[in-house]
Amino acid sequence: MKDKKLVIKGTVIDGFNKEPLKQGVVVIEGKTITAIGKEGEVKIPEGAEVFQGKTVMPGMIDCHIHFCLNGEANFNQLIIESTLSTYAIKAVVYAKRTIEAGFTTVRELGSPAYLGISLRDVIRKGVIPGPRVLTSGQPLSITGGHGTFLPPWLHSDCDLGLFADGTEEVRKAVRTLIGSGVDLIKLLATGGVMDIITSPGAQNYNLDELKVAAEEAHKLGKKVAAHVEGLSGAKDCIRAGIDTLDHGIELDDEAIQMMIDKGTFLVPTLLAPYNIAEHGVKGGIPEFAVKKSLEVIKEHTKSFKRAYHAGVKIAMGTDMGTPFSRHGENVKELELMVNNDMSPMDAIMATTRVASEALGLGKSIGTLEKGKLADLIILDGDPLTDIALLQKKELIKLVMKEGEIVVKR
């Protein structure tokens with residue numbers, strides 16, 4: 001692997017320049033990009049294997065997925081029926097589908113027990129194929145909050161949420177999670193669409209609890225993501241120094257300015273409510289969830305447009321695993337972003353450079369630059385003229401992760 005030399009030719013979307021590089025060349029040695037430029041101006045190493053494609057771009061990044069779910073209409077029932085072993089077997093399949101769709105990095109934001117940690121580690125060791133995984137492990141929830149998917153008379157050993165109430169319980173829970181090996185902390189800061197009882201806008205964690213979580217995580221070198229759907233919860237998360245607001249269904253001008261001032265990222269996950277509204281009760285989704293989704297979807301897209309035009313840093317995330325959001329179909333999120341005012345180039349940057357920065361990996365992945373890890377895809381088409389082309393897996397001719405060809409069609 002150390003001496004392996006590869007050359008990729010085509011129109012290069014590097015992830016940071018607004019204009020693609022025509023007749024571009026990317027040179028890879030081992031795991032790393034060693035040169036990039038225009039054909040004829042870049043020295044081609046002797047004996048290098050050459051690949052030619054229409055479009056070359058960085059491997060994509062999804063900042064919000066759940067490997068324990070795969071679009072089941074009613075995952076409350078899934079929780080009742082599943083064991084941790086079942087989740088683990090399925091997660092191996094989902095990880096393979098994800099990298100085959102061109103996603104070389106994902107942020108896994110909630111799964112039972114140590115599923116995310118175990119999956120991350122076996123992929124890293126080369127036991128199974130899959131994207132680079134950053135995992136939060138179990139998300140933190142208040143008692144009776146968004147992490148409560150079963151009534152109290154039903155017990156599961158595979159709870160998705162880790163319950164912590166009050167500042168000292170939150171402090172200890174954050175330390176426990178970090179001690180178990182998570183890459184970041186996730187907080188369920190407000191209610192959600194899939195809650196049986198609470199409303200999406202209901203604030204769960206108080207400001208003092210949010211501040212303690214951020215303080216402990218940052219002190220130990222970890223970022224914090226927050227499930228946020230309501231406005232008051234969003235503002236308190238920003239005040240507390242949370243790194244990414246995931247969903248951000250309800251954002252006003254004040255919240256948006258706060259995000260810009262603080263450098264907070266928005267991970268909009270437009271796909272989750274879209275799929276719930278699209279398939280509805282006829283698809284088997286519980287009526288309460290469909291009703292809530294229909295109530296928030298207009299506000300969600302309005303908040304996304306407002307944040308985008310104001311200049312908030314937007315990183316792509318899908319909430320993959322929620323009803324009818326199936327692993328390997330992540331790229332639909334880019335189409336929804338473009339349909340809601342984002343330019344195709346900005347959508348690609350949201351799932352490459354900006355996403356890598358939101359994850360704290362901007363120095364090693366997210367763009368095609370000399371010295372960075374060789375994560376890239378070759379697409380037989382131009383996503384700047386039709387972003388939906390990225391959804392057609394047969395057009396993704398090559399997927400490379402750290403210089404290794406994982407998919408070749």
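Let's start with helix α10, residues 332-339, which is mostly covered: 6 of its 8 residues are buried. Buried here means under 20% relative accessible area, exposed means over 50%, and partly exposed is in between, using a 1.4 Å probe and protein chains only. When I say helix or strand, I mean a DSSP run, numbered from the N terminus: H or I with at least four residues for helices, E with at least two for strands. The buried residues of α10 are Lys332, Glu333, Leu334, Glu335, Leu336 and Met337. And what covers them? The cover includes β5, α8, α9 (287-310), β14 (313-314) and α11 (344-350), where contact means heavy atoms within 4.5 Å. After α10 comes aspartate 341, with a positive phi near 90°.

A quick word on what we are looking at. This is a predicted model, in which local features need pLDDT of at least 70 and side-chain atom pairs count only at pLDDT 80 or more, while totals for chains, interfaces and linings use all residues. Residues are numbered from 1 along each chain as its sequence is written, and side-chain values use heavy atoms, with hydrogens and water left out.

Strand β1 (residues 5-12) pairs with strand β2 (residues 21-29) in the antiparallel sense, over 7 bridges. Two strands count as paired if DSSP finds at least two bridges between them. Lysine 9 has valine 25 in β2 as its bridge partner. Valine 25 also stands opposite glycine 37 in β3. Strand β3, residues 32-38, runs antiparallel to β2, and 6 bridges join the two. Together β2 and β3 form a hairpin with 2 residues between them, and glycine 30 in the turn has a positive phi of about 65°.

While we are here, have a look at glutamine 23, which also lies in β2. Its phi is positive, about 50°, although glutamine 23 is not a glycine. Most residues other than glycine have a negative phi. Is glutamine 23 buried or exposed? With a relative accessible area of 51%, glutamine 23 is exposed.

Threonine 269 sits in the loop between β13 (265-267) and α8. Its relative accessibility is 0%, so threonine 269 counts as buried.

Next, an open sheet. Three strands make it up, in the order β5-β6-β7, with parallel pairing. The edge strands, each pairing on one side only, are β5 (60-65) and β7. From one strand to the next, the twist averages 15°; axes are lines fitted to C-alpha atoms, for helices over the stretch in contact, and angles run from 0 to 180 degrees between N-to-C directions. β5 and strand β6 (residues 103-108) pair over 4 bridges, and aspartate 62 has valine 106 as its bridge partner in β6. Helix α3 packs on this sheet, touching β6 and β7, and its direction makes about 155° with that of β7.

On a 1 Å grid over the protein atoms alone, a cavity is a set of points where a 1.4 Å probe fits but cannot get out; a pocket is an open set with protein on both sides within 12 Å along at least five of seven lines; and lining residues have an atom within 4 Å of a point. Grid points are joined across faces, edges and corners, and a volume is the space filled by probe spheres set on the points.

How many cavities of 30 Å³ or more does a search of the whole structure find? The search finds 1, and about 360 Å³ of space lies in the largest cavity. Of its 30 lining residues, the closest to the centre are His66, His146, His227, Asp319 and Thr322. The largest share of this lining, 3 residues, comes from α8. The lining divides into 15 nonpolar, 12 polar and 3 charged residues. Ala, Val, Leu, Ile, Met, Phe, Trp, Tyr, Cys and Pro count as nonpolar, Asp, Glu, Lys and Arg as charged, and the others, Gly among them, as polar.

Finally, the largest pocket holds about 500 Å³ of space. Its lining has 23 residues, with Ile123, Arg124, Gly130, Lys401 and Glu402 nearest the centre. α3 (115-124), β7 (132-135) and β17 (404-408) each supply at least two of the lining residues. By type, the lining of this pocket is 11 nonpolar, 3 polar and 9 charged.
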